[in-house]
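Welcome! Here is a short briefing to read alongside the model, starting with its domains and then moving to one strand.

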Amino acid sequence: MIEAVYSKGNIVAKTGNEVVAEALRQIEPDVMAAYPITPATEIVQIFSQFVADGVVKSEYVTVESEHSAISAAIAASAAGARAVTSTSSQGLCLMWEMLYIASGLRLPVIMAEVNRAVSAPININADHSDTMGARDAGWIQMYSENSQEAYDNIIQLTKIAEKARLPALAAMDGFITSHCMEVVETYPDADVKAFVGEYNPERYLLDVKRPYTLGSIDLQDYYFEHRYQLAQAMIDARSIILDVAKEFKEAFGREYGFYEKYMFDDAEIAMIIIGSSAGDVKVVVKELRKKGIKAGLLKIRVYRPFPTEQIARDLAHVKAIAVMDRSDSCSGAFPPIYSDVVASIYSAGVLSPKVLSYVYGIGGREFCDEQIVKVYETLGKVASGLEKPSNIIEYMNVRIK
Amino acid sequence: MSKKVIEVRWHGRGGQGAKTAALLFAETVMATGMYVQAFPEYGPERMGAPVQSFNRVSEDPITVHSGIRNPNYVVILDSSLMKSVPVTDGIGKSGKIIVNTSLSTSEIAKKLDTDVNQIYAVNASRIALKTMGKDIPNTPMLGALVKLIGTLDINGVLENIKTKLKVKFRHKPGVVEGNLASIKMAFDEVGN
């Protein structure tokens with residue numbers, strides 16, 4: 001039988017959507033505001049059934065657009081409620097201006113996000129363009145390799161957001177994780193509720209005894225200070241994330257950090273990746289290790305705040321690194337994760353690793369073992385000096401060159 | 001890569017239950033202690049259009065999430081798909097194909113241009129009509145698949161499906177017995 005990690009854990013077969021909806025049921029936010037239109041996912045639909053069946057006491061707010069969904073969640077959060085929304089792709093794009101308002105007002109709105117390509121052309125498959133576009137919006141961003149992580153992450157994130165007073169999103173790959181049924185361990189309702197705890201905001205609009213103003217005009221006299229504080233809050237969120245991970249391990253037994261290191265500590269060549277493809281990379285790394293090749297993987301879980309100092313320290317010993325981006329910035333420069341990794345190591349004075357940039361899996365383009373092996377082959381050649389590292393983005397498996 | 005993982009590809013038409021079959025198969029196989037995955041072909045679905053769904057089964061945790069290219073088993077719910085869809089893609093010389101058909105294995109092998117030993121025929125539509133009064137071939141085909149994989153416990157599978165369907169069809173208890181009978185019948189018939 002499949003053993004549970006937690007003594008009271010329950011082993012189930014669920015899709016990513018089902019298990020995230022399950023986590024939200026257990027968290028039981030005060031307010032869920034959502035607008036389930038294509039390309040939304042089942043998360044909201046499943047949650048609305050919980051509301052209809054009376055299994056959660058959450059106020060379910062139906063709205064007329066994704067922009068209104070996030071607006072309602074922000075308003076509820078400002079009023080003092082634990083507020084949640086869920087979206088994907090175009091929905092996140094429509095929420096755009098409000099993302100900055102949530103973070104600027106320092107409201108811990110929680111979002112269950114499913115990563116899907118953005119239009120045009122129309123595409124509903126997995127890539128990270130939607131959330132990567134929101135990387136500078138002042139939201140904590142956490143990514144999942146599989147349904148288990150999606151479940152564990154949203155539970156932790158609720159606590160993190162409230163402690164950091166920052167909005168936060170937990171993402172999983174569209175279809176690949178969201179629609180795939182796999183084995184997941186869930187925890188009893190009472191234990192999840194105990195872990196997340198009650199939300200007791202320091203200040204809130206419905207606190208009539210201590211009225212205050214939220215969202216007022218803030219020009220050249222104070223705006224800069226407030227934005228600086230937001231940036232500092234993101235830095236401070238790092239230790240909160242690690243503290244909550246520690247509490248989570250003590251409560252449920254699973255270990256989390258900013259990233260997962262897989263056969264990494266003595267690795268000479270390594271891939272850095274986010275999301276579901278990490279699992280495919282692990283299989284390749286294991287095979288390469290059998291052949292004596294010192295391959296490794298670093299899977300980023302927490303992308304915002306970016307773990308700059310830690311990653312620079314951990315990458316120092318690696319000879320050649322491939323940074324895999326499932327989105328492209330169309331910037332003339334480099335995609336997001338590559339830019340963050342290179343800036344992190346360069347600013348820390350870590351100059352020895354050769355760092356290559358790959359863009360893969362755009363719009364759901366298949367990314368599998370054959371391509372992963374090729375990347376490691378290139379890394380091997382670069383590490384040994386046989387090949388000069390490329391200074392341009394390698395677009396994997398694209399038919400136009 | 002390691003082949004300890006059993007990979008299955010289901011072919012059906014939108015509305016025939018290829019996705020449901022893969023999900024039900026995964027849930028029930030998990031209940032027998034195996035790690036599983038079930039996922040549909042990624043993309044929009046249309047009634048009647050060719051669709052695919054997939055399963056992985058393994059004794060160890062499954063970390064791979066890429067598509068299935070070399071399935072060990074192909075399950076065809078609608079034999080008319082053999083003309084229009086490349087159902088034999090990636091099966092090689094050792095993959096097995098289970099077809100819902102009234103034709104013989106040699107006739108199917110000829111149509112698909114494969115070795116007759118790779119073909120298994122089961123008249124799932126007849127079984128479904130007999131046991132459930134409707135042409136819903138997905139559950140009997142699930143029984144046939146369990147039989148061919150060989151290492152799965154049919155009684156455990158039946159027991160689990162019974163529990164699942166009892167909840168789903170709590171207002172129509174007759175449906176449960178029909179489904180179970182169809183699985184058992186296909187299990188007994190296939191490969192004999």
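Chain A is assigned domain 1 (10-252) and domain 2 (259-395), with bounds that come from an automatic or database domain assignment. This is a predicted model, in which local features need pLDDT of at least 70, side-chain atom pairs count only at pLDDT 80 or more, and totals for chains, interfaces and linings use all residues. Residues are numbered from 1 along each chain as its sequence is written, while chains are lettered from A and ligands numbered from 1 in the order in which they are written.

**Where the domains meet**

- The C-alpha centres of domain 1 and domain 2 of chain A are 28 Å apart.
- In chain A, 26 residues of domain 1 are in contact with 20 residues of domain 2 (C-beta atoms, placed from the backbone, within 7 Å).
- On the domain 1 side that touches domain 2 of chain A, α9(A) gives the most, with 5 residues (helices are DSSP runs of H or I, at least four residues, and strands of E, at least two, numbered from the N terminus).

**Strand β4 of chain A**

- Strand β4 (residues 83-88) of chain A is largely enclosed by the rest of the structure, because 6 of its 6 residues are buried (20 or more other C-beta atoms within 10 Å of a residue's own, all placed from the backbone).
- A:A83, A:T85 and A:T87 point one way from β4(A), and A:V84, A:S86 and A:S88 the other way.
- In a regular strand, side chains alternate between the two faces of the sheet.

**Its neighbours**

- Strand β2 (residues 31-34) of chain A runs parallel to β4(A), joined by 2 bridges, and A:V31 has A:A83 as its bridge partner.
- Strand β5 (residues 110-115) of chain A is also parallel to β4(A), with 5 bridges; here A:V84 stands opposite A:I110.

Terms used:
Contact = placed C-beta atoms within 7 Å. Buried ≥ 20, exposed ≤ 12 C-beta atoms within 10 Å, placed from the backbone. Pairing = 2+ DSSP bridges.
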